[in-house]
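Hi,

Here is the structure I promised to pass on. Have a look at it first, and then read on for my notes.

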Amino acid sequence: MKRNIFWGLGALLAIMLINACADPTLVGGGLLDEDRAEVGFSDTFTLQVATELSDPLMTYSPFPVLQADRFLFGDFRDPVFGQAKSTINMQLVPPRTNFSAVFHPNFADITGVDSVVLILPYTRGGFYGKTEGETFGIRVTELTEVFNEDLEYFSDHEVSIASEPLAELEFIATLDSISYTDYLDNTSLAEPAEADTLNFPHLRVPLPTVWAESLISFYLADTTVFNESDRFLERFPGFQLEPTVPTEGMLAFTLQSIRAGVHIYYRDSTDSPRDYQLAFQNDQLDPIVQFATFEHNYEDTDAVEFLENGEENDSLLFVQGMAGLRSKIKLPDLSVFENVAINQAFLDFYVARGESLDTANYPLARQIAVKAENDAGEEVFISDMIFADNAQVPFEAGFGGVPEFIESEGVVRYRMAISTYLQEVLEGRMSDELYLIPIENNDLTDAKRSEVAERVLFYGGEHPQFPVTLSVTFTRL
(Lines give C-alpha, C1' and ligand atoms only; values in the text may rest on other atoms or scores of the structure.)
Protein backbone atom coordinates (compact mmCIF):
# COMPACT_ATOMS: atom_id res chain seq x y z
CA MET A 1 0.00 0.00 0.00
CA LYS A 2 2.85 2.40 0.88
CA ARG A 3 4.56 1.55 -2.46
CA ASN A 4 1.37 2.56 -4.33
CA ILE A 5 1.22 5.82 -2.41
CA PHE A 6 4.84 6.64 -3.31
CA TRP A 7 4.19 5.80 -6.95
CA GLY A 8 1.16 8.04 -6.93
CA LEU A 9 3.04 10.92 -5.36
CA GLY A 10 5.91 10.46 -7.85
CA ALA A 11 3.55 10.55 -10.81
CA LEU A 12 1.80 13.64 -9.46
CA LEU A 13 5.13 15.39 -8.95
CA ALA A 14 6.26 14.53 -12.50
CA ILE A 15 3.04 15.89 -13.98
CA MET A 16 3.41 19.07 -11.95
CA LEU A 17 6.97 19.54 -13.18
CA ILE A 18 6.00 18.99 -16.81
CA ASN A 19 3.17 21.45 -16.55
CA ALA A 20 5.38 23.89 -14.75
CA CYS A 21 7.91 23.76 -17.61
CA ALA A 22 5.17 24.23 -20.18
CA ASP A 23 3.27 26.94 -18.36
CA PRO A 24 5.13 30.22 -17.78
CA THR A 25 2.59 31.19 -15.15
CA LEU A 26 3.94 28.43 -12.85
CA VAL A 27 7.71 28.94 -13.34
CA GLY A 28 9.02 32.47 -13.53
CA GLY A 29 5.52 33.80 -13.56
CA GLY A 30 6.46 36.38 -10.98
CA LEU A 31 9.31 37.83 -13.07
CA LEU A 32 8.88 41.32 -14.41
CA ASP A 33 9.42 41.80 -18.16
CA GLU A 34 12.59 43.79 -17.50
CA ASP A 35 14.00 40.86 -15.48
CA ARG A 36 13.66 38.33 -18.28
CA ALA A 37 16.78 37.42 -20.33
CA GLU A 38 16.60 38.99 -23.77
CA VAL A 39 17.86 36.66 -26.50
CA GLY A 40 18.69 38.26 -29.83
CA PHE A 41 19.90 37.27 -33.28
CA SER A 42 21.57 39.21 -36.09
CA ASP A 43 23.07 38.33 -39.46
CA THR A 44 22.92 41.67 -41.25
CA PHE A 45 26.54 42.73 -40.79
CA THR A 46 28.75 43.85 -43.65
CA LEU A 47 32.25 42.46 -43.33
CA GLN A 48 35.33 44.01 -44.89
CA VAL A 49 37.34 41.32 -46.68
CA ALA A 50 40.57 41.25 -48.69
CA THR A 51 43.20 38.90 -50.10
CA GLU A 52 46.79 39.34 -48.99
CA LEU A 53 50.20 37.71 -49.27
CA SER A 54 51.23 35.40 -46.45
CA ASP A 55 54.39 35.84 -44.45
CA PRO A 56 57.05 33.16 -45.00
CA LEU A 57 56.21 29.92 -43.21
CA MET A 58 58.44 28.21 -40.69
CA THR A 59 59.07 24.92 -42.51
CA TYR A 60 61.61 23.50 -40.04
CA SER A 61 61.59 23.69 -36.24
CA PRO A 62 64.00 22.10 -33.75
CA PHE A 63 60.92 20.63 -32.03
CA PRO A 64 59.82 17.35 -33.66
CA VAL A 65 56.10 18.02 -33.13
CA LEU A 66 56.42 21.15 -35.29
CA GLN A 67 58.20 19.41 -38.16
CA ALA A 68 56.62 18.39 -41.44
CA ASP A 69 55.78 14.75 -42.13
CA ARG A 70 55.73 15.11 -45.90
CA PHE A 71 57.25 17.52 -48.39
CA LEU A 72 55.59 19.02 -51.44
CA PHE A 73 57.55 18.95 -54.68
CA GLY A 74 56.76 20.60 -57.99
CA ASP A 75 56.56 23.74 -60.11
CA PHE A 76 52.76 23.90 -60.01
CA ARG A 77 51.07 26.23 -62.51
CA ASP A 78 47.58 26.66 -61.13
CA PRO A 79 45.04 28.03 -63.66
CA VAL A 80 43.58 30.36 -60.99
CA PHE A 81 46.32 30.89 -58.39
CA GLY A 82 49.38 31.08 -60.63
CA GLN A 83 52.78 29.55 -59.89
CA ALA A 84 53.47 27.66 -56.66
CA LYS A 85 56.93 26.08 -56.58
CA SER A 86 58.21 23.85 -53.79
CA THR A 87 61.88 22.86 -53.48
CA ILE A 88 63.13 20.38 -50.86
CA ASN A 89 66.34 20.84 -48.87
CA MET A 90 67.54 17.92 -46.77
CA GLN A 91 70.40 16.45 -44.83
CA LEU A 92 71.22 12.74 -44.75
CA VAL A 93 73.24 10.69 -42.27
CA PRO A 94 74.51 7.14 -41.75
CA PRO A 95 71.63 4.99 -40.48
CA ARG A 96 70.88 4.16 -36.89
CA THR A 97 67.84 3.53 -34.75
CA ASN A 98 67.12 5.59 -31.63
CA PHE A 99 69.87 5.23 -29.02
CA SER A 100 71.69 2.53 -31.00
CA ALA A 101 75.09 2.56 -32.65
CA VAL A 102 75.49 3.66 -36.26
CA PHE A 103 75.41 0.85 -38.82
CA HIS A 104 78.78 0.86 -40.54
CA PRO A 105 79.24 -0.27 -44.14
CA ASN A 106 81.53 -3.06 -45.24
CA PHE A 107 83.47 -0.71 -47.53
CA ALA A 108 86.83 -2.27 -46.52
CA ASP A 109 85.91 -5.30 -48.60
CA ILE A 110 84.60 -3.37 -51.61
CA THR A 111 85.66 -4.21 -55.16
CA GLY A 112 83.55 -1.63 -56.98
CA VAL A 113 80.40 0.52 -56.95
CA ASP A 114 77.64 -0.76 -59.23
CA SER A 115 75.21 2.17 -58.86
CA VAL A 116 73.93 4.89 -56.56
CA VAL A 117 70.20 5.59 -56.34
CA LEU A 118 68.23 8.26 -54.50
CA ILE A 119 64.90 6.72 -53.44
CA LEU A 120 62.01 9.05 -52.63
CA PRO A 121 58.75 7.38 -51.48
CA TYR A 122 55.62 9.17 -52.69
CA THR A 123 53.04 10.27 -50.15
CA ARG A 124 49.59 8.89 -50.84
CA GLY A 125 47.08 11.67 -50.32
CA GLY A 126 49.72 14.34 -50.80
CA PHE A 127 49.38 14.80 -54.57
CA TYR A 128 47.33 17.74 -55.83
CA GLY A 129 46.15 18.82 -59.26
CA LYS A 130 46.94 16.93 -62.45
CA THR A 131 49.70 14.50 -61.49
CA GLU A 132 49.03 10.93 -62.59
CA GLY A 133 50.82 10.23 -65.86
CA GLU A 134 52.23 13.77 -66.04
CA THR A 135 55.92 14.47 -66.78
CA PHE A 136 57.88 16.06 -63.93
CA GLY A 137 61.51 17.06 -63.69
CA ILE A 138 63.98 16.97 -60.77
CA ARG A 139 67.44 18.47 -60.29
CA VAL A 140 69.60 17.10 -57.44
CA THR A 141 72.35 19.44 -56.25
CA GLU A 142 74.67 19.12 -53.29
CA LEU A 143 74.29 21.64 -50.49
CA THR A 144 77.25 23.80 -49.56
CA GLU A 145 75.51 25.09 -46.45
CA VAL A 146 75.51 23.05 -43.24
CA PHE A 147 72.12 23.47 -41.61
CA ASN A 148 71.88 23.89 -37.84
CA GLU A 149 69.31 21.59 -36.24
CA ASP A 150 68.85 24.08 -33.36
CA LEU A 151 67.63 26.90 -35.64
CA GLU A 152 64.32 27.56 -37.38
CA TYR A 153 64.19 27.66 -41.17
CA PHE A 154 61.55 29.46 -43.22
CA SER A 155 60.07 29.00 -46.66
CA ASP A 156 61.99 31.99 -48.09
CA HIS A 157 65.44 30.81 -46.92
CA GLU A 158 68.10 31.25 -49.62
CA VAL A 159 69.98 27.95 -49.62
CA SER A 160 73.64 27.73 -50.67
CA ILE A 161 74.23 24.95 -53.21
CA ALA A 162 77.00 23.72 -55.51
CA SER A 163 77.40 25.37 -58.89
CA GLU A 164 76.74 22.14 -60.81
CA PRO A 165 73.99 19.57 -60.17
CA LEU A 166 74.68 15.96 -59.33
CA ALA A 167 71.82 14.67 -61.47
CA GLU A 168 68.78 15.71 -63.49
CA LEU A 169 65.86 13.51 -64.47
CA GLU A 170 62.47 13.77 -66.14
CA PHE A 171 59.96 11.19 -65.02
CA ILE A 172 56.29 10.19 -65.13
CA ALA A 173 54.57 10.51 -61.78
CA THR A 174 52.49 7.52 -60.67
CA LEU A 175 51.20 6.09 -57.42
CA ASP A 176 51.45 2.57 -58.79
CA SER A 177 53.86 0.42 -56.81
CA ILE A 178 57.32 -0.04 -58.32
CA SER A 179 59.61 -2.96 -57.53
CA TYR A 180 63.27 -2.82 -56.66
CA THR A 181 65.74 -5.37 -55.35
CA ASP A 182 67.21 -4.66 -51.94
CA TYR A 183 70.52 -6.05 -50.63
CA LEU A 184 70.66 -4.01 -47.45
CA ASP A 185 73.40 -5.18 -45.09
CA ASN A 186 72.85 -2.52 -42.43
CA THR A 187 72.35 -5.18 -39.74
CA SER A 188 75.26 -7.47 -40.53
CA LEU A 189 78.73 -6.93 -41.95
CA ALA A 190 79.72 -10.59 -41.81
CA GLU A 191 77.41 -11.97 -44.44
CA PRO A 192 75.84 -10.40 -47.55
CA ALA A 193 72.10 -9.87 -47.27
CA GLU A 194 69.77 -12.01 -49.31
CA ALA A 195 68.01 -10.23 -52.14
CA ASP A 196 64.62 -8.83 -51.14
CA THR A 197 62.09 -7.45 -53.61
CA LEU A 198 60.16 -4.43 -52.32
CA ASN A 199 57.08 -2.84 -53.88
CA PHE A 200 55.83 0.65 -53.09
CA PRO A 201 55.20 3.94 -54.97
CA HIS A 202 58.46 5.83 -55.25
CA LEU A 203 60.81 7.81 -57.45
CA ARG A 204 64.31 6.50 -58.23
CA VAL A 205 66.95 9.05 -59.22
CA PRO A 206 70.33 7.66 -60.37
CA LEU A 207 73.31 9.54 -58.90
CA PRO A 208 76.88 9.45 -60.23
CA THR A 209 79.07 6.69 -58.81
CA VAL A 210 81.88 9.22 -58.36
CA TRP A 211 79.85 10.74 -55.50
CA ALA A 212 79.72 7.36 -53.74
CA GLU A 213 83.41 6.74 -54.38
CA SER A 214 84.19 10.07 -52.73
CA LEU A 215 82.09 9.09 -49.71
CA ILE A 216 83.77 5.67 -49.51
CA SER A 217 87.24 7.23 -49.58
CA PHE A 218 86.18 9.65 -46.85
CA TYR A 219 84.98 6.75 -44.70
CA LEU A 220 88.00 4.52 -45.22
CA ALA A 221 90.34 7.37 -44.24
CA ASP A 222 88.65 7.53 -40.81
CA THR A 223 85.74 5.23 -40.05
CA THR A 224 84.81 7.18 -36.91
CA VAL A 225 83.37 10.00 -39.04
CA PHE A 226 80.19 7.94 -39.43
CA ASN A 227 79.75 8.00 -35.64
CA GLU A 228 79.73 11.79 -35.50
CA SER A 229 77.04 13.39 -37.63
CA ASP A 230 78.58 16.88 -37.35
CA ARG A 231 81.79 15.70 -39.00
CA PHE A 232 79.87 13.75 -41.61
CA LEU A 233 77.64 16.72 -42.50
CA GLU A 234 80.62 19.06 -42.79
CA ARG A 235 81.79 16.93 -45.71
CA PHE A 236 78.38 15.84 -47.06
CA PRO A 237 75.86 18.56 -46.10
CA GLY A 238 72.98 17.02 -48.06
CA PHE A 239 70.92 17.67 -51.18
CA GLN A 240 68.55 20.17 -52.70
CA LEU A 241 65.74 18.72 -54.83
CA GLU A 242 64.44 21.32 -57.27
CA PRO A 243 61.58 20.86 -59.76
CA THR A 244 62.58 21.66 -63.34
CA VAL A 245 59.41 21.10 -65.40
CA PRO A 246 56.31 23.33 -65.03
CA THR A 247 53.28 21.13 -64.38
CA GLU A 248 49.60 21.37 -63.49
CA GLY A 249 50.02 19.47 -60.24
CA MET A 250 52.10 18.99 -57.11
CA LEU A 251 53.75 15.83 -55.78
CA ALA A 252 54.69 14.92 -52.20
CA PHE A 253 57.46 12.75 -50.74
CA THR A 254 57.71 11.06 -47.34
CA LEU A 255 61.33 11.52 -46.32
CA GLN A 256 60.80 9.93 -42.91
CA SER A 257 60.09 6.55 -44.49
CA ILE A 258 62.58 3.81 -43.64
CA ARG A 259 62.78 3.21 -47.38
CA ALA A 260 63.85 6.77 -48.24
CA GLY A 261 67.51 7.54 -48.70
CA VAL A 262 70.57 7.13 -50.89
CA HIS A 263 71.36 3.50 -51.68
CA ILE A 264 74.94 2.62 -52.62
CA TYR A 265 75.02 -0.71 -54.47
CA TYR A 266 78.46 -2.32 -54.50
CA ARG A 267 80.21 -5.72 -54.56
CA ASP A 268 82.54 -7.29 -52.03
CA SER A 269 85.56 -9.53 -52.58
CA THR A 270 83.31 -12.57 -53.08
CA ASP A 271 81.47 -10.67 -55.83
CA SER A 272 78.34 -10.65 -53.66
CA PRO A 273 75.99 -7.66 -54.07
CA ARG A 274 75.77 -5.25 -51.15
CA ASP A 275 73.62 -2.22 -50.40
CA TYR A 276 74.35 0.56 -47.94
CA GLN A 277 71.63 3.15 -47.27
CA LEU A 278 72.22 6.71 -46.06
CA ALA A 279 69.00 7.76 -44.34
CA PHE A 280 66.74 10.79 -44.23
CA GLN A 281 65.06 9.62 -41.04
CA ASN A 282 65.25 11.95 -38.07
CA ASP A 283 66.75 10.42 -34.98
CA GLN A 284 66.87 11.58 -31.36
CA LEU A 285 70.65 11.16 -31.30
CA ASP A 286 71.25 12.55 -34.79
CA PRO A 287 68.55 15.13 -35.56
CA ILE A 288 68.75 16.35 -39.13
CA VAL A 289 67.23 19.30 -40.95
CA GLN A 290 64.69 18.95 -43.76
CA PHE A 291 62.57 21.84 -45.03
CA ALA A 292 60.86 23.22 -48.11
CA THR A 293 61.35 26.59 -49.75
CA PHE A 294 58.49 28.13 -51.72
CA GLU A 295 58.09 30.52 -54.62
CA HIS A 296 54.72 32.08 -55.49
CA ASN A 297 54.04 34.18 -58.58
CA TYR A 298 50.61 35.68 -59.35
CA GLU A 299 51.48 37.49 -62.57
CA ASP A 300 48.69 37.32 -65.16
CA THR A 301 46.19 35.86 -62.67
CA ASP A 302 42.95 37.32 -61.34
CA ALA A 303 44.57 37.47 -57.91
CA VAL A 304 46.77 40.42 -58.93
CA GLU A 305 43.81 42.80 -59.10
CA PHE A 306 42.74 41.88 -55.58
CA LEU A 307 46.26 42.16 -54.17
CA GLU A 308 46.71 45.63 -55.62
CA ASN A 309 43.38 47.21 -54.70
CA GLY A 310 44.34 48.00 -51.12
CA GLU A 311 41.58 47.91 -48.51
CA GLU A 312 38.64 47.67 -50.88
CA ASN A 313 35.94 45.17 -49.98
CA ASP A 314 36.88 42.41 -52.42
CA SER A 315 34.31 40.51 -54.47
CA LEU A 316 36.49 37.37 -54.35
CA LEU A 317 38.67 35.86 -51.63
CA PHE A 318 41.70 33.64 -52.31
CA VAL A 319 42.88 31.02 -49.80
CA GLN A 320 45.93 28.90 -50.65
CA GLY A 321 48.24 26.39 -49.02
CA MET A 322 52.03 26.60 -48.71
CA ALA A 323 53.05 30.26 -48.18
CA GLY A 324 50.40 31.40 -50.66
CA LEU A 325 47.48 33.79 -50.48
CA ARG A 326 45.27 34.10 -47.44
CA SER A 327 42.01 35.89 -46.75
CA LYS A 328 41.73 38.75 -44.29
CA ILE A 329 38.35 39.54 -42.70
CA LYS A 330 37.67 42.58 -40.55
CA LEU A 331 34.69 42.32 -38.27
CA PRO A 332 32.11 45.13 -38.31
CA ASP A 333 31.45 47.59 -35.49
CA LEU A 334 30.45 45.36 -32.57
CA SER A 335 29.21 48.12 -30.25
CA VAL A 336 25.72 46.66 -30.62
CA PHE A 337 26.99 43.75 -28.53
CA GLU A 338 27.97 45.74 -25.44
CA ASN A 339 26.82 44.03 -22.26
CA VAL A 340 25.89 40.81 -23.99
CA ALA A 341 26.98 37.19 -23.79
CA ILE A 342 27.63 35.49 -27.14
CA ASN A 343 25.64 32.26 -27.29
CA GLN A 344 26.57 31.26 -30.81
CA ALA A 345 28.41 32.83 -33.73
CA PHE A 346 29.10 31.52 -37.22
CA LEU A 347 31.12 32.77 -40.17
CA ASP A 348 29.88 31.49 -43.53
CA PHE A 349 31.91 31.54 -46.75
CA TYR A 350 30.57 30.41 -50.11
CA VAL A 351 32.71 28.86 -52.84
CA ALA A 352 32.81 30.90 -56.04
CA ARG A 353 31.52 29.07 -59.09
CA GLY A 354 33.46 28.85 -62.32
CA GLU A 355 36.89 27.58 -63.28
CA SER A 356 38.01 27.23 -59.69
CA LEU A 357 35.30 24.65 -59.09
CA ASP A 358 37.05 22.04 -61.24
CA THR A 359 37.03 19.77 -58.21
CA ALA A 360 37.96 16.68 -60.24
CA ASN A 361 41.47 18.06 -60.81
CA TYR A 362 41.63 20.70 -58.07
CA PRO A 363 39.70 19.51 -54.99
CA LEU A 364 38.56 22.16 -52.56
CA ALA A 365 40.65 22.71 -49.43
CA ARG A 366 39.59 20.05 -46.96
CA GLN A 367 40.04 22.15 -43.82
CA ILE A 368 40.11 25.91 -43.34
CA ALA A 369 41.50 27.34 -40.11
CA VAL A 370 41.14 30.80 -38.54
CA LYS A 371 43.98 32.82 -37.00
CA ALA A 372 43.96 36.24 -35.32
CA GLU A 373 46.26 38.38 -33.19
CA ASN A 374 45.95 38.16 -29.43
CA ASP A 375 46.48 41.09 -27.04
CA ALA A 376 50.23 40.36 -27.04
CA GLY A 377 50.39 40.91 -30.81
CA GLU A 378 50.96 37.22 -31.57
CA GLU A 379 49.09 35.60 -34.45
CA VAL A 380 47.45 32.45 -33.08
CA PHE A 381 44.71 29.98 -33.94
CA ILE A 382 41.45 31.11 -32.37
CA SER A 383 40.22 29.57 -29.12
CA ASP A 384 37.29 27.78 -30.79
CA MET A 385 39.83 25.67 -32.68
CA ILE A 386 42.12 25.23 -29.66
CA PHE A 387 39.23 23.98 -27.50
CA ALA A 388 38.20 21.44 -30.16
CA ASP A 389 41.81 20.32 -30.53
CA ASN A 390 42.33 19.95 -26.77
CA ALA A 391 39.12 17.94 -26.49
CA GLN A 392 40.33 15.74 -29.38
CA VAL A 393 37.16 16.57 -31.29
CA PRO A 394 37.58 16.60 -35.09
CA PHE A 395 37.39 20.16 -36.36
CA GLU A 396 34.60 19.15 -38.70
CA ALA A 397 32.40 18.50 -35.66
CA GLY A 398 33.78 20.96 -33.11
CA PHE A 399 34.60 23.96 -35.28
CA GLY A 400 33.62 23.41 -38.91
CA GLY A 401 35.70 24.89 -41.69
CA VAL A 402 35.00 22.05 -44.13
CA PRO A 403 33.14 22.16 -47.46
CA GLU A 404 29.47 21.21 -47.37
CA PHE A 405 27.02 21.32 -50.25
CA ILE A 406 23.87 23.31 -49.45
CA GLU A 407 21.36 21.62 -51.73
CA SER A 408 18.61 24.21 -51.26
CA GLU A 409 20.92 26.96 -52.55
CA GLY A 410 23.06 24.91 -54.95
CA VAL A 411 26.29 26.20 -53.42
CA VAL A 412 29.23 24.88 -51.38
CA ARG A 413 29.60 26.53 -47.98
CA TYR A 414 32.33 26.61 -45.33
CA ARG A 415 30.85 27.39 -41.89
CA MET A 416 33.08 28.15 -38.89
CA ALA A 417 32.00 28.44 -35.25
CA ILE A 418 33.64 31.52 -33.69
CA SER A 419 31.54 32.25 -30.58
CA THR A 420 34.48 32.12 -28.12
CA TYR A 421 36.65 34.23 -30.41
CA LEU A 422 33.90 36.84 -30.82
CA GLN A 423 33.45 37.06 -27.04
CA GLU A 424 37.21 37.56 -26.68
CA VAL A 425 37.08 40.38 -29.27
CA LEU A 426 34.37 42.09 -27.22
CA GLU A 427 36.55 41.74 -24.13
CA GLY A 428 39.56 43.26 -25.91
CA ARG A 429 41.63 40.07 -25.75
CA MET A 430 41.70 39.39 -29.51
CA SER A 431 41.98 41.53 -32.65
CA ASP A 432 38.85 42.08 -34.75
CA GLU A 433 40.82 41.07 -37.86
CA LEU A 434 41.07 37.38 -38.67
CA TYR A 435 42.73 35.29 -41.37
CA LEU A 436 41.77 32.13 -43.26
CA ILE A 437 44.37 29.51 -44.13
CA PRO A 438 44.18 25.81 -45.08
CA ILE A 439 45.66 23.17 -42.77
CA GLU A 440 46.19 19.43 -42.96
CA ASN A 441 45.07 16.56 -40.74
CA ASN A 442 43.59 18.62 -37.88
CA ASP A 443 47.08 19.89 -37.05
CA LEU A 444 47.45 23.46 -35.78
CA THR A 445 51.03 24.12 -36.87
CA ASP A 446 52.59 26.09 -39.71
CA ALA A 447 54.36 22.89 -40.75
CA LYS A 448 51.01 21.41 -41.73
CA ARG A 449 50.18 24.36 -43.94
CA SER A 450 53.51 23.74 -45.68
CA GLU A 451 52.22 20.25 -46.57
CA VAL A 452 49.08 21.58 -48.28
CA ALA A 453 48.84 22.59 -51.94
CA GLU A 454 45.04 22.84 -51.85
CA ARG A 455 43.22 26.11 -52.37
CA VAL A 456 39.72 27.58 -52.54
CA LEU A 457 38.12 30.72 -54.00
CA PHE A 458 35.29 32.35 -52.02
CA TYR A 459 32.75 35.04 -52.83
CA GLY A 460 33.55 38.31 -51.06
CA GLY A 461 31.79 40.54 -48.58
CA GLU A 462 29.30 42.24 -50.89
CA HIS A 463 28.23 39.44 -53.23
CA PRO A 464 24.52 39.96 -53.95
CA GLN A 465 23.55 36.35 -53.24
CA PHE A 466 26.34 34.68 -51.27
CA PRO A 467 28.30 37.27 -49.27
CA VAL A 468 30.57 36.41 -46.36
CA THR A 469 28.09 36.24 -43.48
CA LEU A 470 28.44 36.66 -39.73
CA SER A 471 25.44 35.38 -37.75
CA VAL A 472 25.27 35.87 -33.99
CA THR A 473 22.87 34.68 -31.30
CA PHE A 474 23.33 36.54 -28.01
CA THR A 475 21.82 37.25 -24.61
CA ARG A 476 21.69 40.74 -23.17
CA LEU A 477 23.05 40.91 -19.63
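First, a term: I call a residue buried when its relative accessible area is under 20%, exposed when it is over 50%, and partly exposed in between (1.4 Å probe, protein chains only). Before the findings, note that this is a predicted model, where local features need pLDDT of at least 70 and side-chain atom pairs count only at pLDDT 80 or more, while totals for chains, interfaces and linings use all residues. Residues are numbered from 1 along each chain as its sequence is written, and side-chain values use heavy atoms, with hydrogens and water left out.

Let's begin with a charged residue. Glu424 has 7% relative accessibility, so it counts as buried. Glu424 belongs to helix 7 (residues 419-426); helices (H or I, at least four residues) and strands (E, at least two) are DSSP runs numbered from the N terminus. Leaving aside residues up to four places away in sequence, Glu424 is in contact with Ser383, Arg429 and Met430, where contact means heavy atoms within 4.5 Å.

Ser383 also turns up in helix 5 (residues 383-390), whose buried residues are Ser383, Asp384, Met385 and Ala388. What do the buried residues of helix 5 pack against? They pack against strand 23 (368-374), strand 24 (379-381), helix 6 (395-398), strand 26 (411-417) and helix 7. After helix 5 comes Gln392, with a positive phi near 55°.

Now the cores. A nonpolar core here is a set of buried Ala, Val, Leu, Ile, Met, Phe, Trp, Tyr and Cys residues joined through side-chain atoms within 4.5 Å. The largest one has 48 residues, and Leu118, Leu120, Trp211, Phe239, Leu241 and Val262 have the most contacts inside it. Helix 2 (residues 209-221) supplies the largest share of this core, 5 residues. Another core, of 46 residues, lies apart from it and includes Ile329, Ala372, Phe395 and Val472.

Trp211 is worth a click: not counting residues up to four places away in sequence, it touches Val116, Glu142, Leu166, Phe236, Phe239, Val262 and Leu278. Trp211 is also part of a cluster linked by ring pairs, together with Phe107, Phe218, Tyr219, Phe226, Phe232, Phe236, Phe239, Tyr266 and Tyr276. For pairs, the rings of Phe, Tyr and Trp (its six-membered ring) must have centres within 6.5 Å; planes under 30 degrees apart are stacked, over 60 edge-to-face, and the rest tilted.

That rule gives 30 aromatic pairs. Phe306 and Phe318 form a tilted one, because their ring centres are 5.6 Å apart and their planes stand at 50°. Phe306 sits in helix 4 (residues 303-308) and Phe318 in strand 20 (residues 316-320), so the pair ties together parts 12 residues apart in sequence. Phe306 is buried at 6% relative accessible area, and Phe318 is buried at 0%. Phe337 and Phe474 make an edge-to-face pair, because the centres are 5.2 Å apart and the planes are at 70°. Phe337 lies in the loop between strand 21 (326-330) and strand 22 (340-350) and Phe474 in strand 29 (residues 469-476), so this pair ties together parts 137 residues apart in sequence.

Last, a loop residue: Ala173, between strand 10 (167-172) and strand 11 (178-182). Buried or exposed? Ala173 counts as buried, because its relative accessibility is 0%. Its C-alpha is 5.6 Å from that of Glu132, 41 residues away along the chain.

Cheers
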